[in-house]
Amino acid sequence: MIAFLRLIGMVLLVELVFYLLIGTYIRSLRREELEKEWDRRHPERAGLSPERAEFVRRSMVGFSKTLRGRLALLVLVLPVVAIIVIIVIVNYY
Amino acid sequence: MRWFLTVLGVIFGIVVFLFLDYTLPSKQTVRITNTYNRLTDIGANAFFYASPDTGTVQNAQGQRDVRFIDTVRPNGKPHVYRNEDTGWIWPPYFKYDSSNLHAQATDLRSTAASPEWVSVTSYGWRIAWLSVYPNAISIKPVAGPEVKPFNWAAQIILLILGALLFLLWRMWNQFRERTIDPAVRSADEAWDRLDARADAARDRARGRMRRWWDGLRGR
């Protein structure tokens, strides 16, 4: 039983680390996209500027509610599914 | 320095290969000749057996009652498997049906006169001088000794590992492009400004010294 709890703890720990990493990565990709969008819309004001930072900040509001923002949640689900599939194949198939 | 890094890289590659070779499942077509359990001394080779807390009973002398499956390969050479639960952590096979597997293996025993071929999925190595045996995971009857089922499980795991590596590489690139590079650039600029100010101060000081020196010499 202790071993099973240890498994749950370790899987949870690894999942959380990857969740944070992938969440940061997805947000970083979106921010870069928005910066390019701003540069395309305002070619004369391209590059680093307070206006662009403000545009990116406002566009990122509510990103975690979008489908792509929730993509990182898969990291919490897929490993558990994989473990269950392995258990079924190895022991009951 | 370069040759040292090369040697280090080659050693790392070999370690990764051996690790995958040991942990990934492999399939072999064999004929089961006997199944039994035997009190086995677990000593220096404990690394190649299940961890003690997986339900295997170990007595005071460090011996365990381990199930074994004797098999013969199509080329006539023997191959012995152990049949142990893996426990919950490592390697992640989550196998706890050793008794069922043993019953199945016993059922599939056959003689050389009327052979019955099976495909055994297992992980691990057979190292005779260390008494190390691969752990059998599952057994499936096959039509004959030449039938070798494709090892899907190992290929899928390798693909997933490759995809994970690719994702980590992309994440690192993004991090470098958007966090490290700008930080380095701004640090460089700050350094340049500092440098320019130091240069200017030095020039001023030198000018003053020069004037003082020249004045001293009466020019």
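## Confidence

pLDDT is the predictor's confidence in each residue, from 0 to 100. This is a predicted model. Chain B averages a pLDDT of 89. Of the residues in chain B, 97% score at least 70. The model as a whole has an ipTM of 0.84 and a pTM of 0.79. Where pLDDT is low, predicted coordinates should not be read in detail.

## Fold of chain B

Chain B holds 3 helices and 5 strands. Along the sequence they run α-β-β-β-α-β-β-α. The radius of gyration of chain B is 33 Å, while the globule rule gives 17 Å for 219 residues, so chain B is more spread out than a compact globule.

The C-alpha trace of chain B spans about 120 × 40 × 30 Å along its principal axes. Buried residues account for 19% of the 219 residues in chain B. Now take the contacts in chain B between residues at least 6 apart in sequence: 64% of them join residues at least 24 apart.

## Where chain A meets chain B

The contact involves 15 residues of chain A and 16 residues of chain B. On the chain A side, α1 (2-41) and α3 (74-92) are the elements that give two or more residues. Helix α1(A) gives the most, with 10 residues.

What is the make-up of the side of chain A that touches chain B, in nonpolar, polar and charged residues? It has 11 nonpolar residues, 2 polar and 2 charged.

Note on methods. Residues numbered from 1 in each chain as written. Chains lettered and ligands numbered in written order. Predicted model: local features only at pLDDT ≥ 70, side-chain atom pairs only at ≥ 80, totals over all residues. Contact = placed C-beta atoms within 7 Å. Helix = DSSP H or I, 4+ residues; strand = E, 2+ residues; numbered from the N terminus. Nonpolar A, V, L, I, M, F, W, Y, C, P; charged D, E, K, R; others polar. Rg over C-alpha atoms; globule rule 2.2 N^0.38 Å. Buried ≥ 20, exposed ≤ 12 C-beta atoms within 10 Å, placed from the backbone.
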